[in-house]
Every structure is written in structure tokens, then in C-alpha cells.
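I opened this model to take notes on its folds and contacts. My entries follow in the order I looked things up.

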Amino acid sequence: MKKSVIVKKIILSVLFILALLLTPLLFMIKTPREKNTSRWSSSIEIKDRTLSPQSNSIGFNIDKAGEYTLYFSMIPEGYDKDSISKVKTPGLGFITTVVVTDSSENVVYSSTQGAIFLDTVIFLQPGDYKVTYYYHSNEDEFYDFASTYICGSKEASQMAKDINFASFIENGTTVFNYEFCCLSKEAGLFFPSIMLSWGMIVGLLGGILVAELFFFGKDGKKYDERQILEQGKAFKLGFFTMFVTVEALIILNLSGIATIADYPVFYQAAIFLGLMTYVIYCIWTESYFAINEKSTRVLIFFAFIAVLNLVIGIVNLIHGQIIVDGRITFRIMNLYCAILFIVIFAVLLLKRIVNSKKSSSDDDDEEDD
Amino acid sequence: MKNLKLKAARAALDLSQQDLADKVGVSRQTINAIEKGDYNPTINLCRAICKELGKTLDEIFWEE
């Protein structure tokens, strides 16, 4: 083994160990802030046309100025958040108003609806706030409230008319579950946990290191002119595949279909498709392996990666981590990887079979390795 | 179009595709592609092949 190769391997190993040690430190510095400023959950009852309680409130604190997502949920028992938009306000028999006030009792946000399920983004300064749900069962109650807290008497009168209160449909006990939380913008971090981020980075670095040290970093590896030409064509094809897929995903996103999965799931799919196109084209044009490189070792390596990812993917699927609340999460990445490597493995095998058939039918004097 | 002259010249020297590929520093598949007419080599590779086979460029790569 050449001295330069040994030095290269030592440097790679040292870098890997450094990355391994430093990654947790990095995340210690950037520890994600508490996601929920406040989470509150309880219920109200309608009994004999009387609401109990008639209002509910909770305080929350903001210690850093910025945009925050306020999440309000007040859903009658038996409904879910997807069907709540179909519930008509008069059908509930009462109206709910959510008011967010600061420490000086100034209203910073309010919304009036029947059943509520909404996210809203507002800018908040540091300080103490209070969120209150008020329940109004008739026009007069609502008018008094709206003219005091939300707007002038003229607008409040019009609002009360517009709402068109119906009599209570429910005359027994109905439970409404309500929930409120205030999410800081930092809650939207791609990596929800340190361990997951650490695992992904270490896995990626480890994979590169193993591949470099034991499979691809061989001395004297080079491609000839035809292979480089074909790799260029493969790169172009892979790029356009990724480009078209990303465009298709943007259209899907705009049309609302893309909400079935998290964004990384879609964009990773585009990257994997581009990569798959590149590798398959290279394999098929005999430009994937360097001159005199044996494909058996790579075949074994790919099979190992495919099986490993397949097992992890299936375990995630069984534990319900891939589909959460009807949405596909980024934990599907392992299955993506498994599919990618299974396809590559299959193409490699197929190419071998095709080559061996060709060489036996032609008068070629060599078999493909 | 197949390059039968190359194949004949190689066979005359009792060289396999792999042997020739090793001598000129390319993959066996590239020699195979040239013989099948699937790939047009650069002038540098043509010269290297001709040198190894003891032929001129005209003898191997010129079409009659």
C-alpha cells in the first residue's frame, strides 16, 4: 500500500473520530428551545342549555420577541380536526371567542367562531400574556362582549346579527375538548431530537468512511475516456430527472396533494430518483466501475446496505413511526435507501446476466467481471 | 459500424480484449465498444491502440 494512501486513511479516521466527538457538542450549544410555551387542555359542558364554565383562561410567557404560532383547538366530542370545518356555527348553538391579551389587558389577537381549529402566526414581544375562551349562548351576551373587547358598538351589533344564533340543539351534556399552545418558530426544526440528528450525521460519516476505506478508496482507481463521457451523460440525465421531479412536487404542493407527507420526504425522493437515474445509466453503459475494478465487492456492500435499511425501515413501520397522524414522516428515509440500493443491486445483477449471455453468444473472448 | 480491422489486428497478435485494454489503459468494455462501433475513441486512444498493435491509424481506423 502506498504511503499516501495510508496517510489518507489516517486523516479520514481522525476526521471521523473528531466529527463523532464534536457533533454532540455542536448540538449542546444549539439545544432546541422548549417547543410549547404553554399547552392547556380541558373541556366544557352544555347542560340544560347552560354552558359550564362560561370562560376559561390560561397565562403564558414569551421571553424572546419573534413570530409565534398560536394553536387553538376547540372541538366537540366525536369530531376530529379534519371534519370540524364542516360543522356550521349556528348548529352548535353558541359561539366561542378566543382573545389573547397582554399584561396591560390589551387585545393582541382575537377570533370568533363556533367550533375552533386554527393556527395563526403573530408577532409577540417578551412579556406575560393570557389567552381566554369566552362562550356566548345568545346575541346579547355576544354583543356585550364584542363591543367591549373587539370593536365598536355598531360593528358588534352587525357581527351579532351575522352570527344568527340558533337555539341549542344539544340539551344534554356535550363535552368540548379545547386546547391551546403557543409554538415558537424554532419548533419547526427539521431535526426534532439531538439523538436523531447525531445518529444521522454519524451514520452518514460512518458510511462514507467505510465506503472510502474498504470499498472505493483503492489505489490507482481511474476511469477511461469513454466512461467519463458516459458519466457526464448520466449526470445530465440524473439532474433533469431531479429537476422534473422537484417541479412536479411543487405543483403537487400547490394543489394541496403534497400534504400527505413532510417536505423532506418529497425532496429526498427527488434526490434519490436523480441519484438512481445516474447510477443505473452508469451501470448500463459500463462506466460505473473503474478500470479493472471488481464489482463483486460492491455488490456485497450494496446488498448489505439494502438489507440494513430495509430492516430499520420495517422496524420503523411496525412501530408506527413512518406514518404519524396520517402523514408520512422523514423516517421513511431508510425505506427510500433500501429501495435505492435494491434497485441498484438488481440492475447490477441484470447487467451481469446480460453481459454473460452476450459474451457466450458473441465470439467475445472475455466474460464481464 | 463494427471495427473488424481492429479485431483482426488484435487477434493476429493473440491478444484478448482485456490484454489490449490493459496495454492502452482503458477498460475491456471500452475496447469492446470500439470493436462493436458503439464508441468513437479520441485520437489519443486511437494512437495508443495503433502503437500496441503495430499498425498505422489508416490501417485500423480508416474506412475504405
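I began with burial in chain B. Of its 64 residues, 34% are buried. The model is predicted, so I note that local features here need pLDDT of at least 70.

Next I checked the secondary structure of chain B. I found 5 helices and 0 strands. Read from the N terminus, the elements of chain B go α-α-α-α-α. I then looked at contacts in chain B with a separation of 6 or more. Residues 24 or more positions apart account for 50% of them.

**Helix H1 of chain B**

Which residues of H1(B) are buried? I found B:Leu6, B:Ala9 and B:Arg10 buried in this helix, which spans residues 4–12. They sit on the same side of H1(B), because their arc around the axis is only 100°. I turned to the face pointing away from that buried side. There I listed the exposed residues B:Leu4, B:Ala8, B:Ala11 and B:Ala12.

What covers the buried residues of H1(B)? The cover includes H2, H3 (28–36), H4 and H5 (57–61) of chain B. I also looked just past the helix. B:Asp14 follows H1(B) and has a positive phi, near 60°.

**H2 against H4 in chain B**

I looked up how H2(B), residues 17–24, meets H4(B), residues 43–53. Their axes come within 10 Å and cross at roughly 115°. The crossing of H2(B) past H4(B) is right-handed. From H2(B), the contact uses B:Leu20, B:Lys23 and B:Val24. From H4(B), B:Leu45, B:Ala48, B:Ile49 and B:Glu52 take part. I sorted the residues of this contact by class: 5 are nonpolar, none is polar and 2 are charged.

**H6 against H7 in chain A**

I moved to chain A. Helix H6 covers residues 225–254 and helix H7 covers residues 263–284. I noted an axis separation of 8 Å and a packing angle of about 155°. How do H6(A) and H7(A) run, roughly parallel or roughly antiparallel? They are roughly antiparallel, because angles over 145 degrees count that way. H6(A) passes H7(A) in a right-handed crossing. I counted classes in the contact of H6(A) with H7(A) as well: 16 nonpolar, 6 polar and 2 charged residues.

**Positive phi in chain A**

I looked for residues other than glycine with positive phi. A:Glu105 is one, with a phi of about 65°. I placed A:Glu105 in the loop between strand E5 (95–102) and strand E6 (107–113) of chain A. Is A:Glu105 buried or exposed? A:Glu105 counts as exposed, because it has 9 C-beta neighbours inside 10 Å and the cut-off for exposed is 12 or fewer.

A:Glu286 also has a positive phi, near 60°, and is not a glycine. I found A:Glu286 in the loop between H7 and helix H8 (295–318) of chain A. With 19 C-beta neighbours inside 10 Å, A:Glu286 counts as partly exposed. The reason is the cut-off: a residue is buried if the count is 20 or more.

**Where chain A touches chain B**

Last, I checked the contact between the chains. I noted 9 residues of chain A in contact with 14 residues of chain B. What classes make up the side of chain A that touches chain B? I recorded 7 charged residues, 1 polar and 1 nonpolar on that side.

Technical notes. Residues are numbered from 1 along each chain as its sequence is written. Chains are lettered from A and ligands numbered from 1 in the order in which they are written. This is a predicted model: local features need pLDDT of at least 70, side-chain atom pairs count only at pLDDT 80 or more; totals for chains, interfaces and linings use all residues. Axes are lines fitted to C-alpha atoms, for helices over the stretch in contact, and angles run from 0 to 180 degrees between N-to-C directions. Helices (H or I, at least four residues) and strands (E, at least two) are DSSP runs, numbered from the N terminus. Angles under 35 degrees count as roughly parallel, over 145 as roughly antiparallel, 65 to 115 as roughly perpendicular and the rest as oblique. A crossing is left-handed if the near helix is turned anticlockwise from the far one by less than a right angle, and right-handed if clockwise. Ala, Val, Leu, Ile, Met, Phe, Trp, Tyr, Cys and Pro count as nonpolar, Asp, Glu, Lys and Arg as charged, and the others, Gly among them, as polar. Two residues are in contact if their C-beta atoms, placed from the backbone, lie within 7 Å. The arc is that of the directions from the helix axis to the C-beta atoms.
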